[in-house]
Amino acid sequence: MKLLLTGGRVIDPATRTDQRQDVFIADGKIVALGATPADFTVERTIDVKGQVVIPGLVDLAARRVTAASEAAAALAGGVTRVVCPPDTDPILDEADLVEMLQLRARATHHAQVHPLGALTVGLAGRELTEMAQLTQAGCIGLSQANAPIADNRTLLRALQYAGTFGLSVWLRAQDAALAAGGVAASGAVASRLGLAGIPVAAETIALHTILELVRVTGTRVHLCRVSSAAGIALVRAAKAEGLPVTCDIAAHHLHLTDMDIGYFDAQYRLDPPLRSQRDREVLRDAARDGTVDAVCSDHTPLAADARLVPFAEALPGASGLELLLSLVLKWADESRVPLVDALARVTHAPGQRLASVAPGAGRLAPGQPADVCVFSPSEYWTVSAQVLRSAGHNSPFLGYELPGRVRLTLVGGHVAHETLAV
(Lines give C-alpha, C1' and ligand atoms only; values in the text may rest on other atoms or scores of the structure.)
Protein backbone atom coordinates (compact mmCIF):
# COMPACT_ATOMS: atom_id res chain seq x y z
CA MET A 1 0.00 0.00 0.00
CA LYS A 2 1.12 3.54 -0.75
CA LEU A 3 0.86 5.59 2.43
CA LEU A 4 1.28 9.26 3.14
CA LEU A 5 2.02 10.46 6.67
CA THR A 6 1.27 14.15 6.53
CA GLY A 7 1.77 17.10 8.85
CA GLY A 8 4.11 15.49 11.38
CA ARG A 9 7.41 16.57 12.90
CA VAL A 10 9.92 14.14 11.40
CA ILE A 11 12.99 13.29 13.47
CA ASP A 12 15.73 10.97 12.20
CA PRO A 13 18.65 10.88 14.66
CA ALA A 14 20.89 9.16 12.09
CA THR A 15 20.90 12.27 9.90
CA ARG A 16 19.88 14.71 12.67
CA THR A 17 16.79 15.59 10.65
CA ASP A 18 14.21 17.50 12.69
CA GLN A 19 11.58 19.29 10.63
CA ARG A 20 7.95 19.23 9.66
CA GLN A 21 7.57 17.24 6.44
CA ASP A 22 5.54 14.50 4.79
CA VAL A 23 6.62 10.86 4.63
CA PHE A 24 5.83 8.77 1.54
CA ILE A 25 5.78 4.97 1.83
CA ALA A 26 5.41 2.28 -0.84
CA ASP A 27 6.24 -1.43 -1.06
CA GLY A 28 7.28 -1.51 2.57
CA LYS A 29 9.90 1.23 2.22
CA ILE A 30 10.20 4.96 2.64
CA VAL A 31 10.36 6.42 -0.86
CA ALA A 32 10.57 10.12 -0.06
CA LEU A 33 10.51 12.78 2.65
CA GLY A 34 9.10 16.22 1.91
CA ALA A 35 8.07 16.63 -1.72
CA THR A 36 5.75 14.14 -3.42
CA PRO A 37 7.78 11.76 -5.62
CA ALA A 38 6.95 11.37 -9.28
CA ASP A 39 4.24 8.84 -10.19
CA PHE A 40 3.21 8.42 -6.53
CA THR A 41 -0.52 7.83 -6.11
CA VAL A 42 -1.58 7.92 -2.47
CA GLU A 43 -3.82 5.03 -1.39
CA ARG A 44 -4.17 6.12 2.22
CA THR A 45 -3.37 9.43 3.88
CA ILE A 46 -2.77 9.46 7.63
CA ASP A 47 -2.89 12.86 9.29
CA VAL A 48 -0.18 13.05 11.95
CA LYS A 49 -0.33 16.77 12.61
CA GLY A 50 0.86 17.55 16.12
CA GLN A 51 2.66 14.18 16.30
CA VAL A 52 6.35 13.27 16.16
CA VAL A 53 7.39 10.78 13.46
CA ILE A 54 10.53 8.77 14.24
CA PRO A 55 12.15 5.48 13.24
CA GLY A 56 10.69 2.43 14.95
CA LEU A 57 12.42 1.79 18.26
CA VAL A 58 15.15 -0.86 18.48
CA ASP A 59 15.18 -2.61 21.86
CA LEU A 60 18.37 -4.52 22.63
CA ALA A 61 16.92 -6.73 25.38
CA ALA A 62 13.40 -8.14 25.54
CA ARG A 63 12.24 -11.57 26.65
CA ARG A 64 9.20 -13.71 25.68
CA VAL A 65 8.87 -11.67 22.50
CA THR A 66 7.17 -14.48 20.57
CA ALA A 67 4.15 -14.45 22.91
CA ALA A 68 1.17 -12.60 21.44
CA SER A 69 0.86 -10.36 24.52
CA GLU A 70 4.49 -9.26 24.35
CA ALA A 71 4.22 -8.75 20.58
CA ALA A 72 1.30 -6.39 21.20
CA ALA A 73 3.28 -4.65 23.94
CA ALA A 74 6.20 -4.04 21.59
CA LEU A 75 4.01 -2.52 18.90
CA ALA A 76 2.10 -0.41 21.43
CA GLY A 77 5.45 0.94 22.58
CA GLY A 78 6.57 1.82 19.05
CA VAL A 79 9.19 -0.96 19.11
CA THR A 80 9.69 -2.50 15.67
CA ARG A 81 12.86 -4.54 16.29
CA VAL A 82 13.81 -6.47 19.41
CA VAL A 83 16.88 -8.43 20.39
CA CYS A 84 16.02 -11.64 22.21
CA PRO A 85 18.58 -12.97 24.76
CA PRO A 86 19.32 -16.71 24.56
CA ASP A 87 17.86 -17.59 27.99
CA THR A 88 14.59 -18.74 26.46
CA ASP A 89 12.89 -22.08 27.07
CA PRO A 90 14.59 -24.00 25.55
CA ILE A 91 17.92 -22.15 25.55
CA LEU A 92 19.05 -20.99 22.10
CA ASP A 93 22.16 -23.15 21.87
CA GLU A 94 21.31 -25.05 18.66
CA ALA A 95 20.59 -23.79 15.16
CA ASP A 96 17.21 -25.50 14.83
CA LEU A 97 16.01 -23.87 18.06
CA VAL A 98 16.92 -20.46 16.65
CA GLU A 99 15.02 -21.20 13.44
CA MET A 100 12.01 -22.38 15.46
CA LEU A 101 11.97 -19.15 17.49
CA GLN A 102 12.07 -17.04 14.34
CA LEU A 103 9.20 -19.02 12.83
CA ARG A 104 7.11 -18.42 15.96
CA ALA A 105 7.99 -14.74 15.88
CA ARG A 106 6.88 -14.35 12.28
CA ALA A 107 3.64 -16.18 13.04
CA THR A 108 2.64 -14.04 16.02
CA HIS A 109 3.46 -10.45 15.12
CA HIS A 110 5.10 -8.07 12.71
CA ALA A 111 7.97 -6.71 14.81
CA GLN A 112 11.34 -8.13 13.76
CA VAL A 113 12.98 -10.44 16.31
CA HIS A 114 16.78 -10.72 16.29
CA PRO A 115 17.96 -13.60 18.52
CA LEU A 116 21.25 -13.90 20.32
CA GLY A 117 22.71 -17.40 20.39
CA ALA A 118 24.03 -19.01 23.55
CA LEU A 119 27.78 -18.66 23.95
CA THR A 120 28.04 -21.95 25.83
CA VAL A 121 25.92 -25.09 25.74
CA GLY A 122 22.94 -24.68 28.07
CA LEU A 123 24.47 -21.37 29.22
CA ALA A 124 26.40 -23.55 31.66
CA GLY A 125 29.66 -21.71 31.01
CA ARG A 126 31.69 -24.79 30.07
CA GLU A 127 31.35 -26.12 26.51
CA LEU A 128 31.29 -23.66 23.60
CA THR A 129 28.38 -23.79 21.17
CA GLU A 130 28.68 -24.06 17.39
CA MET A 131 28.77 -20.28 16.99
CA ALA A 132 29.07 -20.24 13.21
CA GLN A 133 25.98 -22.44 12.83
CA LEU A 134 23.99 -20.26 15.22
CA THR A 135 24.94 -17.20 13.20
CA GLN A 136 23.95 -18.88 9.94
CA ALA A 137 20.60 -19.71 11.54
CA GLY A 138 19.97 -16.01 12.18
CA CYS A 139 21.68 -15.02 15.42
CA ILE A 140 23.15 -11.51 15.42
CA GLY A 141 25.68 -12.36 18.11
CA LEU A 142 26.49 -14.68 21.01
CA SER A 143 25.63 -14.14 24.64
CA GLN A 144 25.48 -15.70 28.09
CA ALA A 145 22.42 -13.58 29.01
CA ASN A 146 22.74 -13.22 32.81
CA ALA A 147 24.54 -16.54 33.27
CA PRO A 148 28.21 -16.24 34.28
CA ILE A 149 31.30 -17.91 32.87
CA ALA A 150 33.36 -18.61 35.96
CA ASP A 151 36.37 -19.94 34.06
CA ASN A 152 38.21 -17.12 32.30
CA ARG A 153 39.97 -19.62 30.07
CA THR A 154 36.58 -20.60 28.64
CA LEU A 155 35.71 -16.93 28.10
CA LEU A 156 39.04 -16.37 26.33
CA ARG A 157 38.41 -19.33 24.04
CA ALA A 158 34.89 -18.08 23.33
CA LEU A 159 36.16 -14.63 22.33
CA GLN A 160 38.90 -16.15 20.19
CA TYR A 161 36.38 -18.41 18.42
CA ALA A 162 33.93 -15.57 17.87
CA GLY A 163 36.67 -13.26 16.65
CA THR A 164 37.80 -15.81 14.09
CA PHE A 165 34.38 -15.60 12.42
CA GLY A 166 34.00 -11.85 12.94
CA LEU A 167 31.12 -12.38 15.36
CA SER A 168 30.15 -10.05 18.21
CA VAL A 169 29.79 -11.22 21.79
CA TRP A 170 27.25 -9.67 24.18
CA LEU A 171 28.30 -9.94 27.82
CA ARG A 172 26.80 -8.93 31.13
CA ALA A 173 29.61 -7.82 33.44
CA GLN A 174 29.04 -9.40 36.84
CA ASP A 175 31.38 -11.48 38.96
CA ALA A 176 29.30 -14.48 40.02
CA ALA A 177 31.06 -15.05 43.33
CA LEU A 178 30.79 -11.44 44.49
CA ALA A 179 27.14 -11.21 43.42
CA ALA A 180 26.10 -14.59 44.83
CA GLY A 181 23.04 -14.32 47.05
CA GLY A 182 22.74 -10.56 46.61
CA VAL A 183 19.36 -8.96 45.93
CA ALA A 184 20.08 -5.22 46.25
CA ALA A 185 23.00 -2.87 45.75
CA SER A 186 25.47 -2.92 48.61
CA GLY A 187 25.20 0.23 50.69
CA ALA A 188 23.26 1.97 53.41
CA VAL A 189 19.82 1.04 52.06
CA ALA A 190 20.57 -2.68 51.80
CA SER A 191 22.15 -2.64 55.26
CA ARG A 192 19.18 -0.83 56.81
CA LEU A 193 16.74 -3.30 55.24
CA GLY A 194 18.87 -6.32 56.05
CA LEU A 195 19.14 -7.31 52.40
CA ALA A 196 22.13 -9.17 50.97
CA GLY A 197 24.13 -6.74 48.85
CA ILE A 198 25.76 -6.84 45.43
CA PRO A 199 28.85 -4.60 45.45
CA VAL A 200 29.87 -2.36 42.56
CA ALA A 201 33.06 -4.41 42.49
CA ALA A 202 31.03 -7.34 41.12
CA GLU A 203 30.55 -5.26 37.98
CA THR A 204 33.96 -3.59 37.76
CA ILE A 205 36.03 -6.73 38.36
CA ALA A 206 34.11 -8.51 35.60
CA LEU A 207 34.55 -5.47 33.34
CA HIS A 208 38.31 -5.42 33.93
CA THR A 209 38.47 -9.09 32.92
CA ILE A 210 36.34 -8.65 29.80
CA LEU A 211 38.22 -5.57 28.64
CA GLU A 212 41.59 -7.25 29.13
CA LEU A 213 40.43 -10.20 27.02
CA VAL A 214 39.18 -7.79 24.35
CA ARG A 215 42.68 -6.29 24.26
CA VAL A 216 44.09 -9.77 23.72
CA THR A 217 41.61 -10.98 21.10
CA GLY A 218 40.33 -7.83 19.37
CA THR A 219 36.83 -9.35 19.37
CA ARG A 220 33.84 -6.99 19.26
CA VAL A 221 32.01 -7.01 22.59
CA HIS A 222 28.75 -5.35 23.55
CA LEU A 223 28.47 -4.80 27.31
CA CYS A 224 24.92 -5.30 28.53
CA ARG A 225 23.22 -3.35 31.31
CA VAL A 226 26.14 -1.42 32.84
CA SER A 227 24.76 -0.04 36.10
CA SER A 228 27.42 1.88 38.02
CA ALA A 229 29.47 5.07 37.81
CA ALA A 230 32.67 3.03 38.17
CA GLY A 231 31.56 0.74 35.35
CA ILE A 232 30.87 3.72 33.09
CA ALA A 233 34.35 5.07 33.81
CA LEU A 234 35.88 1.80 32.62
CA VAL A 235 33.76 1.78 29.45
CA ARG A 236 34.67 5.40 28.72
CA ALA A 237 38.38 4.64 29.11
CA ALA A 238 38.11 1.54 26.91
CA LYS A 239 36.45 3.53 24.15
CA ALA A 240 39.09 6.25 24.40
CA GLU A 241 41.71 3.53 24.03
CA GLY A 242 40.01 2.37 20.84
CA LEU A 243 38.82 -1.02 22.03
CA PRO A 244 35.89 -2.43 19.98
CA VAL A 245 33.32 -2.19 22.76
CA THR A 246 29.81 -0.74 23.01
CA CYS A 247 27.36 -0.76 25.90
CA ASP A 248 23.75 -0.30 26.93
CA ILE A 249 21.84 0.49 30.10
CA ALA A 250 18.31 -0.33 31.17
CA ALA A 251 15.77 2.51 30.99
CA HIS A 252 14.79 2.14 34.65
CA HIS A 253 18.35 2.94 35.71
CA LEU A 254 17.93 6.41 34.21
CA HIS A 255 15.30 7.21 36.83
CA LEU A 256 15.42 5.01 39.92
CA THR A 257 17.85 4.49 42.79
CA ASP A 258 18.14 2.06 45.68
CA MET A 259 16.19 4.53 47.81
CA ASP A 260 13.10 3.68 45.74
CA ILE A 261 13.00 0.18 47.22
CA GLY A 262 11.21 1.85 50.12
CA TYR A 263 9.83 -0.70 52.53
CA PHE A 264 10.77 -3.91 50.69
CA ASP A 265 8.74 -3.11 47.55
CA ALA A 266 9.34 -6.18 45.34
CA GLN A 267 8.50 -4.19 42.18
CA TYR A 268 11.99 -2.72 42.55
CA ARG A 269 13.73 -6.11 42.58
CA LEU A 270 15.87 -5.76 39.46
CA ASP A 271 19.01 -7.28 38.00
CA PRO A 272 21.38 -5.45 37.95
CA PRO A 273 20.09 -3.80 41.11
CA LEU A 274 19.21 -0.13 41.47
CA ARG A 275 22.22 1.76 42.74
CA SER A 276 22.96 5.13 44.33
CA GLN A 277 21.84 8.56 43.18
CA ARG A 278 25.40 9.30 42.04
CA ASP A 279 25.41 6.15 39.90
CA ARG A 280 22.11 7.23 38.35
CA GLU A 281 23.40 10.72 37.54
CA VAL A 282 26.54 9.32 35.91
CA LEU A 283 24.43 6.94 33.82
CA ARG A 284 22.28 9.88 32.71
CA ASP A 285 25.34 11.89 31.68
CA ALA A 286 26.88 8.89 29.91
CA ALA A 287 23.70 8.37 27.89
CA ARG A 288 23.81 12.03 26.94
CA ASP A 289 27.46 12.08 25.79
CA GLY A 290 27.33 8.76 23.93
CA THR A 291 29.45 6.67 26.28
CA VAL A 292 26.26 4.66 26.62
CA ASP A 293 25.34 3.62 23.10
CA ALA A 294 21.80 2.45 23.73
CA VAL A 295 18.99 2.43 26.27
CA CYS A 296 16.97 -0.80 26.37
CA SER A 297 13.87 -1.96 28.22
CA ASP A 298 15.41 -5.19 29.59
CA HIS A 299 11.82 -6.41 29.30
CA THR A 300 11.24 -9.35 31.66
CA PRO A 301 7.53 -10.04 32.12
CA LEU A 302 6.63 -12.09 35.19
CA ALA A 303 3.50 -13.75 36.49
CA ALA A 304 1.39 -11.79 38.97
CA ASP A 305 2.33 -13.98 41.94
CA ALA A 306 6.05 -13.36 41.31
CA ARG A 307 5.70 -10.11 43.26
CA LEU A 308 3.54 -11.53 46.07
CA VAL A 309 6.58 -12.73 48.01
CA PRO A 310 9.19 -11.08 50.23
CA PHE A 311 11.68 -8.84 48.40
CA ALA A 312 14.59 -11.24 48.77
CA GLU A 313 12.55 -14.12 47.31
CA ALA A 314 11.11 -12.20 44.35
CA LEU A 315 12.29 -12.94 40.83
CA PRO A 316 14.13 -9.94 39.35
CA GLY A 317 12.91 -8.06 36.31
CA ALA A 318 10.45 -5.49 34.99
CA SER A 319 8.03 -5.25 32.12
CA GLY A 320 9.35 -2.41 29.97
CA LEU A 321 8.55 -2.62 26.25
CA GLU A 322 5.64 -0.19 26.49
CA LEU A 323 7.55 2.19 28.75
CA LEU A 324 10.83 2.49 26.83
CA LEU A 325 9.98 5.54 24.74
CA SER A 326 8.24 7.37 27.59
CA LEU A 327 11.12 6.78 30.01
CA VAL A 328 13.60 8.14 27.47
CA LEU A 329 11.38 11.19 26.89
CA LYS A 330 11.16 11.75 30.65
CA TRP A 331 14.95 11.55 30.95
CA ALA A 332 15.40 13.96 28.03
CA ASP A 333 13.07 16.48 29.61
CA GLU A 334 14.56 16.26 33.10
CA SER A 335 18.18 16.30 31.91
CA ARG A 336 17.61 18.84 29.14
CA VAL A 337 18.86 16.48 26.45
CA PRO A 338 17.92 17.53 22.90
CA LEU A 339 15.15 15.28 21.63
CA VAL A 340 17.12 14.16 18.58
CA ASP A 341 19.99 13.00 20.83
CA ALA A 342 17.71 11.22 23.29
CA LEU A 343 15.86 9.38 20.53
CA ALA A 344 19.18 8.24 19.04
CA ARG A 345 19.64 5.98 22.08
CA VAL A 346 16.57 3.92 21.15
CA THR A 347 16.71 4.13 17.34
CA HIS A 348 19.88 4.71 15.34
CA ALA A 349 22.49 3.77 17.96
CA PRO A 350 20.99 0.37 18.89
CA GLY A 351 20.17 -0.13 15.21
CA GLN A 352 23.88 -0.07 14.47
CA ARG A 353 24.26 -3.22 16.56
CA LEU A 354 22.07 -4.93 13.93
CA ALA A 355 23.98 -3.59 10.93
CA SER A 356 25.08 -7.04 9.77
CA VAL A 357 21.49 -8.19 9.21
CA ALA A 358 19.46 -4.97 9.09
CA PRO A 359 21.63 -2.06 7.89
CA GLY A 360 18.65 0.31 7.85
CA ALA A 361 17.45 -0.41 11.40
CA GLY A 362 16.68 2.70 13.41
CA ARG A 363 16.74 5.06 10.43
CA LEU A 364 14.08 7.13 8.69
CA ALA A 365 15.34 7.84 5.20
CA PRO A 366 14.44 7.09 1.56
CA GLY A 367 15.25 3.52 0.62
CA GLN A 368 15.06 2.24 4.19
CA PRO A 369 12.36 -0.13 5.52
CA ALA A 370 9.25 1.75 6.62
CA ASP A 371 9.56 0.91 10.32
CA VAL A 372 7.99 3.97 11.88
CA CYS A 373 6.76 5.14 15.26
CA VAL A 374 4.40 8.10 15.60
CA PHE A 375 3.83 9.51 19.08
CA SER A 376 2.09 12.42 20.71
CA PRO A 377 4.68 14.41 22.69
CA SER A 378 2.08 16.42 24.60
CA GLU A 379 0.06 13.46 25.88
CA TYR A 380 0.70 11.84 29.24
CA TRP A 381 -0.47 8.40 30.29
CA THR A 382 -0.60 6.58 33.61
CA VAL A 383 1.10 3.19 33.88
CA SER A 384 -1.32 0.59 35.21
CA ALA A 385 -2.07 -3.10 34.92
CA GLN A 386 -5.22 -2.21 32.99
CA VAL A 387 -3.28 -0.24 30.37
CA LEU A 388 -0.29 -2.51 29.83
CA ARG A 389 -0.69 -5.04 27.02
CA SER A 390 2.15 -7.19 28.30
CA ALA A 391 1.10 -10.22 30.31
CA GLY A 392 3.66 -9.08 32.87
CA HIS A 393 2.39 -6.22 35.00
CA ASN A 394 5.55 -6.17 37.08
CA SER A 395 6.89 -2.63 36.89
CA PRO A 396 8.39 -0.19 39.37
CA PHE A 397 6.59 2.56 37.42
CA LEU A 398 3.03 1.47 38.19
CA GLY A 399 1.09 4.63 39.01
CA TYR A 400 3.60 6.91 37.28
CA GLU A 401 2.36 9.49 34.78
CA LEU A 402 4.71 9.40 31.79
CA PRO A 403 5.03 11.55 28.66
CA GLY A 404 4.56 10.41 25.07
CA ARG A 405 1.71 8.21 23.89
CA VAL A 406 2.42 6.03 20.84
CA ARG A 407 -0.34 6.56 18.30
CA LEU A 408 0.90 4.63 15.25
CA THR A 409 3.45 1.90 14.58
CA LEU A 410 4.38 0.76 11.07
CA VAL A 411 6.48 -2.31 10.40
CA GLY A 412 7.65 -2.69 6.83
CA GLY A 413 4.97 -0.21 5.76
CA HIS A 414 2.22 -2.26 7.42
CA VAL A 415 0.03 -0.56 10.05
CA ALA A 416 0.70 -2.80 13.05
CA HIS A 417 -0.68 -0.54 15.81
CA GLU A 418 -2.96 2.49 15.52
CA THR A 419 -4.88 4.64 17.98
CA LEU A 420 -5.06 7.81 15.91
CA ALA A 421 -8.48 9.44 15.64
CA VAL A 422 -10.05 8.64 12.30
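## Close-up views of a predicted model

**View 1. Helices α7 and α8 cross with a right-handed sense.** A crossing is right-handed if the near helix is turned clockwise from the far one by less than a right angle, and left-handed if anticlockwise. Residues 200-217 form α7 and residues 229-241 form α8. Helices are DSSP runs of H or I with at least four residues, strands are runs of E with at least two, and both are numbered from the N terminus. The α7 and α8 axes lie 9 Å apart, at an angle of about 15 degrees. Axes are lines fitted to C-alpha atoms, for helices over the stretch in contact, and angles run from 0 to 180 degrees between N-to-C directions. The two helices, α7 and α8, are therefore roughly parallel. That term covers angles under 35 degrees; over 145 is roughly antiparallel, 65 to 115 roughly perpendicular, and the rest oblique. On the α7 side, V200, E203, T204, L207, H208, L211 and R215 make the contact. Contact means heavy atoms within 4.5 Å. By class, the residues of this α7 and α8 contact are 6 nonpolar, 3 polar and 3 charged. Nonpolar covers Ala, Val, Leu, Ile, Met, Phe, Trp, Tyr, Cys and Pro; charged covers Asp, Glu, Lys and Arg; the others, Gly among them, are polar.

The model is predicted: local features need pLDDT of at least 70 and side-chain atom pairs pLDDT 80 or more, while totals for chains, interfaces and linings use all residues. Residues are numbered from 1 along each chain as its sequence is written, and side-chain values use heavy atoms, without hydrogens and water.

**View 2. Helix α8 also packs on α9.** Their axes are 8 Å apart and the angle is about 30 degrees. α8 and α9 are therefore roughly parallel. From α8 come A229, I232 and R236. They meet R278, D279, V282, L283, A286 and D289 of α9. The α8 and α9 contact has 5 nonpolar and 4 charged residues, and no polar ones.

**View 3. R284 sits in helix α9, residues 277-289.** R284 counts as buried because its relative accessibility is 9%. Buried means under 20% relative accessible area, exposed over 50%, and partly exposed in between, with a 1.4 Å probe and protein chains only. R284 contacts L254, H255, W331, E334 and S335, leaving aside neighbours within four places in sequence.

**View 4. The largest nonpolar core holds 92 residues.** Such a core is a set of buried Ala, Val, Leu, Ile, Met, Phe, Trp, Tyr and Cys residues joined through side-chain atoms within 4.5 Å. I54, V221 and L325 have the most contacts inside the largest core. Helix α10, residues 324-335, gives the most to this core, with 7 residues. A second, separate core has 16 residues, including L5, I30, A370 and L408. I54 touches I11, L325, L343, L364, D371, V372, C373 and F375, not counting residues up to four places away in sequence.

**View 5. V31 lies in strand β5, residues 29-33.** V31 is partly exposed, at 37% relative accessible area. Its contacts beyond four places in sequence are F24, I25, A26, P37, F40 and P366. D27 is in the loop between β4 (23-26) and β5. At 75% relative accessible area, D27 is exposed. The C-alpha atoms of D27 and V340 are separated by 27 Å.

**View 6. Two cis peptide bonds are shown here, at D89 to P90 and at D271 to P272.** Most peptide bonds are trans. Omega is about 5 degrees for the bond joining D89 and P90. P90 is in the loop between β9 (79-84) and α2 (95-108). For D271 to P272, omega is near 5 degrees. P272 is in the loop between β17 (245-250) and α9.

**View 7. R16 and D298 have positive phi.** Most residues other than glycine have a negative phi. Phi of R16 is about 60 degrees. R16 lies in the loop between β2 (9-12) and β3 (17-20). R16 is exposed, at 52% relative accessible area. Phi of D298 is near 50 degrees. D298 is placed in the loop between β18 (294-296) and α10. With a relative accessible area of 7%, D298 is buried.
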